[in-house]
Amino acid sequence: MKHGKKYVENAKLIDRTKLYDIDEAIETVVKTANAKFDETVELHVRLGVDGRHADQQVRGALVLPNGTGKSVKVLAICKGPNEDAAKEAGADYVGAEDMTQKIQQENWMDFDVLVTTPDCMGLVGRLGKILGPRGLMPNPKAGTVTPDIARAIKEAKAGKIEYRLDKTNIIHCPIGKASFGKDKLKENFDALMEAIIKAKPAAAKGQYIKSCAVTSTMGPSVRISPAKFTV
């Protein structure tokens, strides 16, 4: 893969043979995030589990201390009094059958998070083939299927993120924007890593954190020593 001139210049600032400590890694990523827009900083963690087994799945959600820096559009699928609660909590779109039909018939996807109440999961379940591949299917473990719809909306707006394994047993998650600076990004990094470590399955054997790296949208990745996270 051919990279642009700026990427190549930034890559020279990173020692590929080195495993950085956390502070230095984040500082380096911020320094190399010099695109014309505010780049997102992401954490990538490879785990020593086999996600093909149900008892080794790692999944959860948390509100980052400093948010994600992203404006989040929330769709709430609910009925009755919950509709008013959702509107008051700041949902961008609220509805039930009308919204599910809009998604099915128009392939409308102008939202970042979908939250719903348990009584509406029958409606939302029909959208599995559309929402699932996009990572938008609500889930009780992520707090996006809940009787407390208002709380779910407020958390999504405050910077709640979901972490889960991909097919190669890696978790990819945003931890903020480059403009946050090192300290705020470090707080978000620490909160996410703590959650991932606490979510270690009992069935996981051997080294849990296999590798760890941070990167910005357009920049090269910086590897962090997994020895920092002995669990």
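Q: Which residue in strand 9 is the bridge partner of alanine 213?
A: That's arginine 223. Strands here are DSSP E runs of at least two residues and helices are H or I runs of at least four, both numbered from the N terminus. This is a predicted model, where local features need pLDDT of at least 70 and side-chain atom pairs count only at pLDDT 80 or more, while totals for chains, interfaces and linings use all residues. Residues are numbered from 1 along each chain as its sequence is written, and side-chain values use heavy atoms, leaving out hydrogens and water.

Q: What makes strand 8 and strand 9 a pair?
A: Two strands pair if DSSP finds at least two bridges between them. Strand 8 (residues 209-216) and strand 9 are joined by 3 bridges, so they qualify, and they run antiparallel.

Q: Why do strand 7 and strand 9 count as edges of the sheet?
A: The open sheet has 4 strands in the order 7-1-8-9, with antiparallel pairing. Strand 7 (170-177) and strand 9 (222-224) each have a single partner strand, so one side of each has no neighbour in the sheet.

Q: How do you know that helix 8 packs on the sheet?
A: Contact means heavy atoms within 4.5 Å, and helix 8 touches strand 1 (40-47), strand 7, strand 8 and strand 9.

Q: What span is expected for helix 8 (residues 181-198), and what does the model give?
A: The expected span is 1.5 Å times one less than the number of residues. For the 18 residues of helix 8 that comes to 26 Å, and the helix reaches 26 Å from its first C-alpha to its last.

Q: Why is the contact between lysine 186 and aspartate 190 called a salt bridge?
A: The rule asks for a side-chain nitrogen of Lys or Arg within 4 Å of a carboxyl oxygen of Asp or Glu. Here the closest N and O atoms are 2.8 Å apart, so the pair passes. The two residues are 4 apart in helix 8, which puts about one helical turn between them.

Q: What makes lysine 102 partly exposed?
A: Its relative accessible area is 27%, so lysine 102 falls in the middle class.

Technical notes: Buried < 20%, exposed > 50% of the residue type's maximum accessible area, 1.4 Å probe, protein only. Axes fitted to C-alpha atoms, helices over the stretch in contact; angles between N-to-C directions.
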